[in-house]
Amino acid sequence: MRARTRQGPRSSTRQQGGRRRRTVSAAAAMAIGVMTLAALTPPASSASAAVATARPDAVQQALNTLVRDDGMPAALASVKGRDGRTRTYTAGVGDLATGSKVPRGGQVRIGSNTKAFTAVVVLQLVGEGKIALDADIDTYLPGLVRGKGIDGRRITVRQLLQQTSGLPNYTNYLGDDVRYYTPRELLATALRHPADFDPGEKWAYSNTNYIVAGLIVQKITGRPLAKEIDRRIIKRVGLRHTYFPAPGDASIREPHPHGYYRESADGPLRDITEIDPSWGWAAGQLISTGSDLNRFFGALLAGRLLPPAQLARMRSTVPAEATFGPGARYGLGLVSRPLPCGGLSWGHGGSFPGYETRSGATDDGRAASVAVTMQLTDEASRRNLERAVDTALCR
């Protein structure tokens, strides 16, 4: 739980989900450990032995900057280079209370990277003839999506995945309750508010789109979304450190850096590693590692998860610069961004209380994922995180 505030699962450099929301009760906040960076100054760790040199390489320097200049407790990265080798990097401190090291390849909450997984499952079902992208929501969830200016008969599956439905973002309206949320509760929260715009009128990021997409998956398959992601993606491409937390599971299973939240620029850091992630669900609940994210996006671009027709549709994009920055475009759960060294990266990103991630892969097999252990709230830090990914992909 983000101590005293929460932002919805985000996926890029800009804020998704609007204003931050208070989410930790006074009693829960008291139970959260409080510390300051002055008490435990995170030292920058060196790169893995495979790339250790007298001077840190560009990726290590980028992580050091995130810790030193942006105040991140820790940063970690996994990079698959042009030579096909995977290198891991860390900087900072994994647990400010104990001063322990950042675990290499540690698990983190990957937030809106989850959307790419959800979109892949939907597109697999499209390839199987079980879902039609241009069918309306009511084809699969009759009568469920209704509200002021909202009618599921006018919104297509494609518009959900591409963020052009006009559905209001439920994470703007979550209150202070620290509890388990069902997907239908999240949808009901959104439907109490009017549509942002008519379907297809424009592009705007809304986590609600992916809640509806997840509900469609469950209706069509008759199985929980978590099991479909596990069966269709995680097991299929060998993601050994990726999982969808079970209801009530607030922990992170494997070695991981702790996640933190700071109420104000000069306030103390609060450990918010353990949190009920159910409010993210199909939009942001997964836990993974940088190496698994690289494997996932690499397998996706290589055609190992989708037939060519569905992969092409996933990569059919619309402008999304207002949220993701200059030149960025949004496909069906997949973001393209121009690289400073030329070409495009394809991936997503995620923001979840305690963690922020950016991931990207290229058509020639490069991939990089970078995570920090604090949800970012300022533009400069987000740019530095994206720059670290760009540096890794262009090295």
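The lining of the second largest cavity is made up of 6 nonpolar residues, 9 polar ones and no charged ones. For this count Ala, Val, Leu, Ile, Met, Phe, Trp, Tyr, Cys and Pro are nonpolar, Asp, Glu, Lys and Arg are charged, and the others, Gly among them, are polar. Please keep in mind that this is a predicted model, where local features need pLDDT of at least 70, side-chain atom pairs count only at pLDDT 80 or more, and totals for chains, interfaces and linings use all residues. Residues are numbered from 1 along each chain as its sequence is written, and side-chain values use heavy atoms, with hydrogens and water left out.

**Cavities**
- The structure holds 3 cavities of 30 Å³ or more; a cavity is a set of points on a 1 Å grid over the protein atoms alone where a 1.4 Å probe fits but cannot get out.
- Two or more lining residues come from each of β2 (74-80), α9 (290-301) and β15 (367-372); helices (H or I, at least four residues) and strands (E, at least two) are DSSP runs, numbered from the N terminus.

- β2 and β3 pair in the antiparallel sense over 7 bridges, where pairing asks for at least two DSSP bridges between two strands.
- Lys-80 has Thr-86 as its bridge partner in β3.
- The hairpin of β2 and β3 has 5 residues between the strands, and Gly-84 in the turn shows a positive phi of about 85°.
- Strand β3 (residues 86-92) is largely enclosed by the rest of the structure, because 5 of its 7 residues are buried (under 20% relative accessible area; exposed is over 50%, partly exposed in between, with a 1.4 Å probe and protein chains only).

**Asp-276**
- Asp-276 sits in the loop between β8 (269-271) and α8 (281-284), and is buried at a relative accessible area of 15%.
- Its side chain makes a polar contact of 2.8 Å with the side chain of Ser-278 and reaches the backbone nitrogen of Tyr-180 at 3.5 Å.
- A polar contact is a pair of N or O atoms within 3.5 Å; within protein, one must be able to donate a hydrogen and the other to accept it, and residues adjacent in sequence count only if both atoms are side-chain atoms.

**Disulfide**
- Cys-341 and Cys-394 form a disulfide with sulfur atoms 2.1 Å apart; the cut-off is 2.5 Å.

Notes: 1 Å grid on protein atoms, 1.4 Å probe; cavity = no way out; pocket = protein on both sides within 12 Å on 5 of 7 lines; lining within 4 Å. Points joined across faces, edges and corners; volume = space filled by probe spheres on them.
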